[in-house]
Amino acid sequence: MSLTATGQRIILSDVHLSYGSQRVLRGLSLHVDAGEIYALLGGNGAGKSTTMSALLGFARPDSGTILVAGHDPIAQADKARDQIAYVPENVALYEHLTARENAAYLLALAGRHPAPQDIDGAFEATGLQTSAWDKRMGGFSKGMRQKVAIAIALLRAVPVLLLDEPSSGLDPRATADFNRLVHDVARRGAAVLMVTHDLLSAADIADRIGFLESGRIIDEAAAQGADRFDVRDLHRKFAREAVTA
Amino acid sequence: MNAITLIARDELRLMRRNRVTVIAFALLTLLTLAAALISWSHQSGIAETRARFQAQAAQEFTAQPDRHPHRMVHFGNFIFRPLPLLAAFDPGVDAFTGNSMFLEGHRQNSANFGDVRQSSLLVRFGQLTPAFVLQVIAPLLLVFLGYGAVARERERGTLRQMLVQGVSARALLLGKLLALAIVAALVGLPALAAFLLIAGQPGALAGPMAVMVLGYGAYLALWSIIVILVSALVRRGRDALLALLALWTVLVILLPRVAPDIAAQTHMLPTRLETDIAIQQDLHRLGDAHNPDDPFFTAFRQKVLRHYGVDRIEDLPVNYNGLLAVEGEKLTSRLFDDYAKRSFTVQQAQSRLTDDFGIISPAIALRRLSMAAAGTDLEGHRRFLAQAEAYRYAMVQQLNQLQADTVRYADDKAKDAGADQRKRISADHWQTIPQFRFKPATTGDLVEASLPGLGLLLAWLAFALLALLPVARILQKARA
Amino acid sequence: MTLLTHELRLLLRSRMALLALLLVALLAAASVAAGMAEVARQRDVIARIQPKQAQDMAAVAQWAAETKDPGTAAYYSFHATWDTPSPLAFAALGLRDVAPYILRVRALGLEAQLYDGEAFNPELALPGRFDFSFVLVYLTPLFVIALFHDLVSGEREAGRLRMLDALTGSGRSLWRRRVLLRGGLLFLALAAPLTIGAIQSAVPLPTLLSVQGLVALYLAFWIGVTLLVGRMRWSSVANAATLAGIWLVLTLILPTIAHVAINRLIPVGEGVELTLAQREAVNRAWDIPRADTMRAFYAGHPEWKDSPPLTDAFHYKWYFAFHQVGDESVAPKVAAYRNGIEARDTAARGIGWLLPSVGVQAALTRLANTDMAAQLAYQDRIRAFHEKLRNFYYRYLFTDTPFEKDDFDRAPTFVGGA
């Protein structure tokens, strides 16, 4: 579970998955390496959330292979989930517990018992303002809740981070904060997979972007140089995809 | 069509399309009808049994052979309380009181053989009667059907939309209330039908029945308002449901049990044994019949002798023993009445204390109204006991008088072989003793007894209606 | 910090859960207190009547001793019997509020005395008492519903379910822990007041353990029901509504229907019938040859058949004999009446296997000795005592032994059961 180890942490290869007669994933293949941020970009109904479910072991593929940190999320659900930190679109934590209590509790559920100063350190790293650490989370904004969730992921020190539409509903400043944070996590060696329909945010953060359409990757773009992505080019690809979808 | 009726129609349509709602409603209707049927056949079964026993007891009484009248005083008579007609709707305390009484001289017996002592423990779970269904279960159905009426709109954001479109919160509340009230009326309909069936019977009482219809109507309307109020005040549907369930539990299940417990501990009833002993002691203090020199009985003897202008008991034109029996019965009866009154005063205080809880529980107020109007409350039982005692006294005194007038004193005292035959009087005399006829309460009495409960319910209703105004204001602000 | 303390904090931070638990504890404590007050009152009454009863007997002895007539003594002496509440009676008052726990009898026909009622206000008895069994049988399921209906659905609706599942692997141990914690706290809230009351009332340990076991079983039943409904994956609201409906059917509707069915299927030859018959039999003695009565009496009580024959004068032994013969003549009716009541009781217990609400109530009142069986057992004790009384007076009556003042003290006294 060493974070510095390299290699493919997330592998989907030729995954087919259908709900009843509705085929959602049709030969999806992608891989995310340690220390890499991969954005899966897609419109409504492209199969983003199904991909997420499959990675978490909530949906069973009809065929193909999925490996998360080397484990099959269905057959070895416990082992696979032990390697995953998952940040849902709307981070819902216990509103009547404080940020610190939430972190301690959820980590305990995952079998981890960090010292209080470690939690402080993680909160610090996420940039959550100190005054919020011991406040009940009832009044937290989405950005603050995400920070707590990321702090929990940091403390778990897992090799795989899954982000579900992380930038939706965040203001530009909060998005920038969040992106920086995700970069930090990746730099520590985690493989980050985010699904999103927000092209700009993806361009901002990802090392690679996969265009998901009708359940498979139709195109992929990798960041290059200081400008990273040609956003207009990305936009063209995304729009075409949206038209053909 | 105005906003209120539109909202009501929409709500009703929603309920109609919800399968669970329809099933629950159908089940309750079935339950009411079943309860009415069961209750009706149960009550007529009881009435028939009691009538049969009453006839048997009367026949046995008049069929007694020639006897000494005092033997008939001890043979006594069994009487039965006929059930009031409305007991089929609300049997009240009938299962707990016992309805037969053995009447004899110098003793006041208890009413025996109440259902509760010869049934299984299930009787304590309540009885399936139309009154039970309407008092306990119907409010629960209204809770299930109405908890989301306003909370749902708020939760889904449609409330804000409506308010923005110019629908006033008051119209919204009234519309939802109208819908639920219509459901409540439908819930009450089968019970009303059962009621009308009873009304078709001879002897049904229009006044008390009108009060009951009014009372149950007010009760169901009240619950409709309570449901809408809570639904409007609580933000989430789930919380509204839980709050209403809690409210129902407290008002309908918990308080009706706690109130009597408090009443029983506040006003304690003496036991029968203590009363019996106290009466014996009082009697002893008045006069000791076993003491030939007792001042009371000596004075009585002197008075009788003076009245007839004779010197010796043997010279009296009447049987002195008979006169003595009359006098003795007069004494004991006065004491019985006295102690019975004391016991009832305590019981009334208990019941009144329980009734006062109607201020915080409309279910208690309705129960009071319902039992009072049906004539199946404590007062109804007391009426039976009072009439039974009056009848007992008249019967015993008539027999005692027969002893004074028709049995010769010398025969009474005689102990020879033939004396037993000479003491006996003709069995024809037993025919002259009238049968017990229970006089039911008049319509006026029943209505009057049920008015306090009705007053409480209407006050509740008025209060709840008034509460709609501030709640509408709060809801109106929810737009912000 | 262990997971359990985390869970505990999580649960107790929820205002509704905390309120529900406190309320259960409060209601349980109040019901135990109310039950204990009622039992204490009944014990007080039983203690209070003893001197009054002794005084009454002394008063009778005062004048009746002068006659030296055992018949007069027997006729005028009322003897007290009582049914002391068991230590556990406070938890389930059962029939004790409507059936007499004190009854005076004399050596005359018992069947005319045995069914006398105690003075009680029927309006107070009608809704039933507020005792621990009420809190357990009726209210506890509602609190179980309040605490468990959203166990999983609440997490789903709050959007945490996926995260929890992802965090904990299968999550099964999480739910097990939460169920046990909530169930355990509920049990504590119920059992703690009960146990305190039981210790104060000197309830034997096995009985206490049985009651606690019953509480745990009943809780387990309702928790099981809520979990089953929870498996349907409905919304919290649908869960709550369904569960409240199930509660209504199981605790209010089905028992009342069962009651009607039992009373219909098992008719009890009315008690009135046997009392009427007994009266007829007793009073007939005045109109038939006294020798007939004595023959019938001696047939059942041969030990007195050598008693001197009756003369024309009134003799109390004949009087007591015809009362006894009257009782004996209705023995089959008495047996039928009692069998009917017992059959109803048995049927209700049978239904207790299907309806846990009824089953728990039946088991509790059995353990507390406040059920119909306890009532009938009290009647049996009265019967036995009555027989002792009769035999005591017969000894004087049938041997024409004068009844002296001291003999009043020799009369058997009732031994109150516990």
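1. Ground rules. This is a predicted model, in which local features need pLDDT of at least 70, side-chain atom pairs count only at pLDDT 80 or more, and totals for chains, interfaces and linings use all residues. Residues are numbered from 1 along each chain as its sequence is written, while chains are lettered from A and ligands numbered from 1 in the order in which they are written.

2. Chain B, overall form. Chain B has 19 helices and 2 strands (DSSP runs numbered from the N terminus: helices are H or I with at least four residues, strands are E with at least two). Its radius of gyration is 31 Å, well over the 23 Å that the globule rule gives for 480 residues, so chain B is more spread out than a compact globule. The radius is taken over C-alpha atoms, and the rule is 2.2 Å times the number of residues to the power 0.38. The C-alpha trace of chain B spans about 105 × 40 × 35 Å along its principal axes.

3. Chain B, interior. Buried residues make up 47% of the 480 in chain B (buried: 20 or more other C-beta atoms within 10 Å of the residue's own, with C-beta atoms placed from the backbone). Take the contacts in chain B with a separation of 6 or more: 83% of them are between residues 24 or more positions apart. Contact means that the C-beta atoms of two residues, placed from the backbone, lie within 7 Å.

4. Helix packing in chain B. The axes of α10(B) and α13(B), residues 320-356, come within 8 Å and cross at roughly 145 degrees. Axes here are lines fitted to C-alpha atoms, for helices over the stretch in contact, and angles run from 0 to 180 degrees between N-to-C directions. On the α10(B) side, the residues that meet α13(B) include B:A259, B:P260 and B:I262. They face B:Q350, B:L353 and B:T354 in α13(B). By class, this contact has 6 nonpolar, 3 polar and no charged residues. Ala, Val, Leu, Ile, Met, Phe, Trp, Tyr, Cys and Pro count as nonpolar, Asp, Glu, Lys and Arg as charged, and the others, Gly among them, as polar.

5. Chain C, overall form. Chain C has 17 helices and 2 strands. The C-alpha trace of chain C spans about 100 × 40 × 35 Å along its principal axes. Of its 418 residues, 48% are buried.

6. Domains of chain C. Domain 1 covers 30-130 + 267-410, and domain 2 covers 133-249 (bounds from an automatic or database domain assignment). Their C-alpha centres lie 45 Å apart. Between them, 18 residues of domain 1 are in contact with 18 residues of domain 2. On the domain 1 side, α15(C) gives the largest share, 7 residues. That side divides into 13 nonpolar, 4 polar and 1 charged.

7. Chain interfaces. Chains B and C share the most contacts of the 2 pairs of chains in contact.

Definitions and conventions
A residue is buried if 20 or more other C-beta atoms lie within 10 Å of its own, exposed if 12 or fewer, and partly exposed in between; C-beta atoms are placed from the backbone.
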